[in-house]
Amino acid sequence: MLRGSKVGLRARHETDIPILQAELYDDVVTHSRAQGRPWRPITPGSKDSPLLVDDKEQGHVPFSVVELDGGTLVGTAVLWGIDNHNRSAHIGLGLLPSARGKGYGTDVVAVLCHYGFVVRGLQRLQIETLSDNAAMLRSAERNGFVREGVLRSSAWVMGEFLDEVLLGLLVQDWKPDSKG
Ligand SMILES: CC(C)(COP(=O)(O)OP(=O)(O)OC[C@H]1O[C@@H](n2cnc3c(N)ncnc32)[C@H](O)[C@@H]1OP(=O)(O)O)[C@@H](O)C(=O)NCCC(=O)NCCS
């Protein structure tokens, strides 16, 4: 398990899936805002659930997020689009509603940076998020990500086009222990 100051990132367990499906995936608005693709219902136990992990998929590394104190499941995190030639990847995360606003998101981003830069030897990490997602923007910026651009009307979300912000962090600008 990878450890931050408040949360740990571990493998997806089978018992995580119904909780993540009910509390995160089936929230249509949150899914539509975070995933960049249309929500559709997933049959419980489906072998095609996007929450199931394919351990053979090299470019996509999903984690379950747990509280360090007690091990309660609080969300998902992912390093995706891993490009070993350009040494870059994207990060994403989603916390259960009861786990938001407690500093966990900022900690998850810190742990994903450690995984990307230290464990995987990457040089650049990137996040795309809706321009009104204040908590995601702040979680990224607290870890040193900088806004590199606005993708105007790039996301179709529940009946309207919204802007996304692209944020990037280079390994040489990463300060592992300071969240400023
Ligand atoms: C986005 C998300 C991961 C952020 O994690 P979080 O644990 O809620 O965020 P934190 O508690 O670490 O807060 C980070 C900062 O944002 C601020 N913040 C938190 N919630 C906020 C809100 N609703 N509005 C404005 N600011 C907020 C915090 O005060 C904190 O700022 P500070 O460090 O200056 O005090 C989480 O809210 C979530 O899972 N949301 C739903 C899914 C989602 O949007 N995923 C991202 C898709 S790209």
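Visitor: Does D173 count as buried or exposed, and what is the count behind that?
Guide: Welcome! This is a predicted model, and D173 is found in the segment after β8. D173 has 11 C-beta neighbours inside 10 Å, so the residue counts as exposed.

Visitor: How far apart in space are D173 and G144, C-alpha to C-alpha?
Guide: Along the sequence, 29 residues separate D173 from G144. In space, the distance between their C-alpha atoms is 7.2 Å.

Visitor: Which strands stand at the edges of the open sheet, and why is one side of each left without a neighbour?
Guide: Let's walk along the sheet: its 8 strands come in the order β1-β2-β3-β4-β5-β6-β8-β7, with mixed pairing. A strand at the edge has a single partner strand, so one of its sides has no neighbour in the sheet. The strands in that position are β1 (2-3) and β7 (146-157).

Visitor: At about what angle does α3 run to β5?
Guide: Look for α3 lying across β1, β2, β3, β4, β5, β6 and β8. Relative to β5, α3 runs at about 155°.

Visitor: Which element gives the most to the largest nonpolar core?
Guide: This core has 31 residues, and V65, A77, I91, V108, V109, L112 and C113 touch the most other members. At least two core residues come from each of β2 (7-10), β3 (60-67), β4 (73-83), β5, α3, β6 (124-130), α4 and β8 (160-170). With 9 residues, the element that gives the most is α3.

Visitor: Which residues does L112 touch, not counting those up to four places away in sequence?
Guide: L112 is one of the core residues that touch the most other members. Leaving out residues up to four places away in sequence, L112 touches A77, L79 and I91.

Visitor: And which element gives the most to the shell around the ligand?
Guide: There are 21 residues around the ligand, with G105, T106, A134, A135 and R138 coming nearest. Two or more shell residues come from each of α2 (28-35), β5 (88-95), α3 (104-119) and α4 (134-141). The element that gives the most, with 5 residues, is α4.

Visitor: How many residues of the shell around the ligand are polar?
Guide: Sorting the shell by class gives 7 nonpolar and 4 charged residues. The polar residues in this shell number 10.

Definitions and conventions. Residues numbered from 1 in each chain as written. Predicted model: local features only at pLDDT ≥ 70, side-chain atom pairs only at ≥ 80, totals over all residues. Near = placed C-beta within 6 Å. Helix = DSSP H or I, 4+ residues; strand = E, 2+ residues; numbered from the N terminus. Nonpolar A, V, L, I, M, F, W, Y, C, P; charged D, E, K, R; others polar. Core = buried A, V, L, I, M, F, W, Y, C linked by C-beta atoms within 7 Å. Buried ≥ 20, exposed ≤ 12 C-beta atoms within 10 Å, placed from the backbone. Contact = placed C-beta atoms within 7 Å. Pairing = 2+ DSSP bridges. Axes fitted to C-alpha atoms, helices over the stretch in contact; angles between N-to-C directions.
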